[in-house]
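Please look over the sequence and the structure below. A short report on how the parts are arranged follows.

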Amino acid sequence: MKIKLFSYNQLDTFVHRLSGFTKLICFLLLTTTVMLTYDIRVIMFVLVISFYMNNVAKITFKQIKPMLIYVAIFLITNFILTFTFAPMQGVEIYGTKNVIFTIFGPYVVTQEQLLYQTTKLFKYLSVIPLGIIFFLTTNPSEFASSLNKMGLSYKVCTVLSLTLRYFPDVQRDYNSISLSQQARGLDMSRKEKLFTRLKNIISILIPLIFSTLDRIELISNAMDLRGYGKSKTRTWYSYKPLNKNDYITMFISAIIFVASLLVSKYINNGIYWNPFI
Amino acid sequence: MKKPVIEFKNFSFKYHSQADYTLHDINLKIYKGEKILIIGPSGSGKSTLGNCINGLIPNSYTGDIKGDLIIVDKNTKNSSIFDISKEVGTVLQDSDGQFVGLSVGEDIAFALENDNVLQEEMKKRVFTISKLVNMEELIENNPYELSGGQKQRVSLAGVMVEDASILLFDEPLANLDPKTGKVAIELIDDIHKEDTTIIIIEHRLEDVLHKDIDRIVLVDNGRIIIDDVPEVVLSTDLLIQYGIREPLYVSACRYADIDIKSSMHPENIEKFNMENNESKLHDWFSKHNVRLKPNENETLLKIENLSFSYDGVRKILEDVNVDIKKGEMLALVGKNGAGKSTLAKLIVGFEKPDSGDIILNGESLLDLTIKETAEHVGIVLQNPNQMISKNLIFDEIAYGLRIRNIDEEEIEKRVSNVMEVCGLSPFKKWPISALSYGQKKRVTIASILVLNPKILILDEPTAGQDYKHYSEIMEFLKTLNEKGQTIILITHDMHLMLEYTYRAVVLSDGKKIADKPSYEVLSDDEIIDKANLKRTSLYDLAVKSKIDEPLHFIESFINYERSNINEN
């Protein structure tokens with residue numbers, strides 16, 4: 001079975017054509033934007049953009065399904081726990097109390113709490129597609145080459161791109177080792193106690209580490225034989241110089257970032273948007 | 001007189017990590033434009049010899065050097081691996097492991113990147129080279145998604161792009177099926193031009209000899225045993241003596257008491273001239289004409305109308321039916337992607353079929369968990385390093401029992417028993433790291449056998465092994481089989497099929513296309529082509545010497561060889 005999770009997927013779309021460097025900068029700008037605000041309008045704006053970009057990058061639901069399941073579980077748990085432990089958080093933040101209905105005792109559903117929790121939910125939701133875009137549309141070699149052009153040592157960049165590239169391989173090794181250990185009776189399911197499961201994972205990791213070390217020896221020999229490290233610099237076959245689209249994309253992200261800061265400072269007078277006063 | 005491009009002069013080498021010298025007093029001259037085969041069993045020093053030529057010794061593997069090695073007028077003592085890599089391009093054994101780039105083009109370009117060639121120039125040169133190996137249309141593809149043969153073309157292009165005048169191939173056939181291996185040998189022959197020197201390190205002699213070789217250098221124990229033209233080397237008995245398998249047609253002639261002379265050109269079946277010895281072969285055949293007996297026991301495992309697909313669209317297996325008899329040793333063959341590994345995964349319960357059934361002793365295995373299935377069917381992976389997780393042999397074998405909370409006394413008894421069967425008793429207290437590859441393989445087999453599975457499945461048990469280790473592993477499996485163990489071997493080793501498994505099941509594109517005796521499979525051109533196999537040269541020999549029943553001839557040869565091994 002081909003495991004494509006978290007591995008670069010080669011397509012020709014606007015997003016794929018952008019330089020890895022651009023995507024990193026935009027990712028950082030937009031996630032910081034979302035982190036620094038509790039204004040649902042701003043967050044919704046970023047959310048729409050990131051979902052739209054996922055669409056542009058032709059990322060299919062099937063590709064990211066396993067990951068989305070984990071995210072959904074996390075978000076739902078988070079949503080319930082927030083309400084269980086701090087049902088009045090919204091009221092404290094916004095300073096008003098508009099009750100919708102009462103469940104029992106302290107558990108009162110208020111408009112404020114609903115807004116607060118929805119905002120939080122959307123914060124996570126808007127960041128995740130950005131991360132997915134970065135992982136699935138960035139060619140590790142091209143990303144490494146642009147970091148190198150920015151002044152990072154080429155050895156660091158090469159190691160980085162090799163690590164990203166070997167990720168699917170190691171994952172494949174892990175799967176086959178895990179299956180063969182399960183065939184001997186190792187139980188990896190939730191039926192086992194946590195401690196036993198941890199111990200069991202170790203018996204998969206040991207062979208994994210050894211087979212990965214073998215891989216490293218082989219690849220480093222192969223690289224030496226082809227002249228790696230011969231001179232102080234190297235060129236990159238897959239380097240893409242930044243073009244107009246890269247600059248425009250980075251510029252737009254920067255505007256969103258600055259605009260969000262301005263909204264917080266001059267319109268909301270803080271990180272929260274308060275429609276209740 | 002031509003000048004040598006590579007010259008070893010009284011050259012010896014000792015790894016720092018080892019007490020003894022690996023190479024002793026090597027004197028070898030290789031001339032410009034020659035095509036050389038360096039052959040020898042595992043541990044003979046042939047790979048070390050290769051590593052000296054490409055500069056990994058002493059650059060990556062340090063050690064003591066005595067004597068001189070001169071490559072293109074430069075003494076390697078005074079040159080770095082980078083100087084050497086300009087002259088010598090190396091294609092390593094495992095092409096999967098040596099890809100640096102994410103696309104074919106990027107991988108080919110790696111040497112140029114390190115040489116600071118500008119991007120535009122680089123793209124041009126990569127394109128030119130990729131055309132030479134017929135890969136220009138796949139230049140954007142991920143090297144991992146290519147077939148074995150294409151992968152090797154990419155590795156080769158990545159080396160050729162540097163314009164090295166010497167090309168070194170380290171076991172180029174190790175991971176290839178017979179047909180792809182044949183194409184690889186033809187490709188090497190195609191790129192062999194006047195001024196390129198080619199050195200092939202291999203132990204699969206018959207496969208390399210598919211195209212002409214100038215000289216064979218036989219190495220054992222770090223010394224050169226013989227260095228001569230192929231017809232002379234093949235006319236001696238040195239190959240057998242040093243554990244190299246001769247071409248099968250040569251073995252057959254020797255059994256028939258035909259004296260192999262260099263004038264007969266034994267290096268290639270097409271050139272082979274029997275020099276009126278055909279009658280001897282006919283005599284031998286009439287004396288040893290035996291039919292092998294199929295296994296007629298009751299059915300142990302029944303695979304019924306099995307279909308499977310990962311994505312619901314493309315069928316990996318389609319309506320496969322196989323009956324496996326009790327005590328049988330069966331080969332499951334087919335090219336990469338034909339569905340053999342998937343079938344094995346279904347039998348051991350790693351995957352569940354879309355339709356059909358797997359019935360063991362009348363009961364379906366489909367409702368069992370992986371753990372429960374393991375008590376009926378065990379699988380041994382190709383790479384023992386992927387299975388071993390303990391330091392001591394005993395603990396490793398006992399592992400499956402300990403998980404099942406069986407009491408220590410019983411464990412002790414069962415493990416000792418299995419170690420006895422697998423010939424591991426002398427190593428009881430040894431750490432696994434001290435074992436050889438073949439011994440590790442036995443440990444992994446033992447660790448599955450200890451669970452008493454009724455069927456043992458082995459994935460490519462002999463891949464990459466030389467004749468000695470191959471025989472060791474296979475003879476061990478044969479003794480297990482003779483004690484009643486049912487064994488399924490997933491393989492594309494034709495010798496293995498011929499010699500050890502009476503019956504072969506051939507898969508192609510998920511369908512069963514043949515289920516008959518191995519020697520018949522290996523003589524059937526249509527099946528051979530679909531399964532990426534090669535016709536056995538025994539068949540050609542039989543036809544060449546006008547034997548009427550080539551299939552029976554092959555059958556008799558196998559029988560004769562088996563009883564011979566048993567006598568020794």
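## A four-stranded sheet in chain B

In chain B, four strands make an open sheet in the order β12-β11-β14-β15, and the pairing is antiparallel. The edges belong to β12 (317-325) and β15 (363-364) of chain B. Each has a single partner strand, so one side of each is left without a neighbour in the sheet. This is a predicted model.

One pairing in this sheet joins β11 (residues 299-308) and β14 (residues 355-360) of chain B. The two strands run in the antiparallel sense and share five bridges.

Strand β7 (residues 166-170) of chain B pairs with β8 (residues 197-202) of chain B. That pairing is parallel and spans five bridges. Across it, Asp170(B) stands opposite Ile201(B) in β8(B).

## Domains of chain B

Chain B is divided into domain 1 (4-245), domain 2 (247-287 + 536-568) and domain 3 (299-535). The C-alpha centres of domain 1 and domain 3 of chain B are separated by 33 Å. These two domains of chain B touch: 14 residues of domain 1 are in contact with 12 residues of domain 3.

Which helix gives the most to the side of domain 1 of chain B that touches domain 3 of chain B? Helix α7 (residues 178-191) of chain B does, with four residues. By class, that side of domain 1 of chain B has four nonpolar, six polar and four charged residues.

Helix α12 (residues 278-287) of chain B has Leu281(B), Trp284(B) and Phe285(B) buried. Viewed down the axis of α12(B), the buried residues fall within an arc of 100°, so they line one face of the helix. The face turned away from the buried side of α12(B) carries exposed residues: Ser279(B), Asp283(B), Ser286(B) and Lys287(B).

Chain A is divided into domain 1 (1-139 + 243-277) and domain 2 (152-237). The C-alpha centres of these two domains of chain A lie 32 Å apart.

The contact between the chains takes 42 residues from chain A and 48 residues from chain B. On the chain A side, α7 (140-149), α8 (154-183) and α9 (194-225) of chain A each supply at least two residues. Helix α9(A) gives the most to this side, with 14 residues. The side of chain A that touches chain B divides into 18 nonpolar, 14 polar and 10 charged residues.

Definitions and conventions
Residues numbered from 1 in each chain as written. Chains lettered and ligands numbered in written order. Predicted model: local features only at pLDDT ≥ 70, side-chain atom pairs only at ≥ 80, totals over all residues. Buried ≥ 20, exposed ≤ 12 C-beta atoms within 10 Å, placed from the backbone. Arc of directions from axis to C-beta. Domains from an automatic or database assignment. Pairing = 2+ DSSP bridges. Contact = placed C-beta atoms within 7 Å. Nonpolar A, V, L, I, M, F, W, Y, C, P; charged D, E, K, R; others polar.
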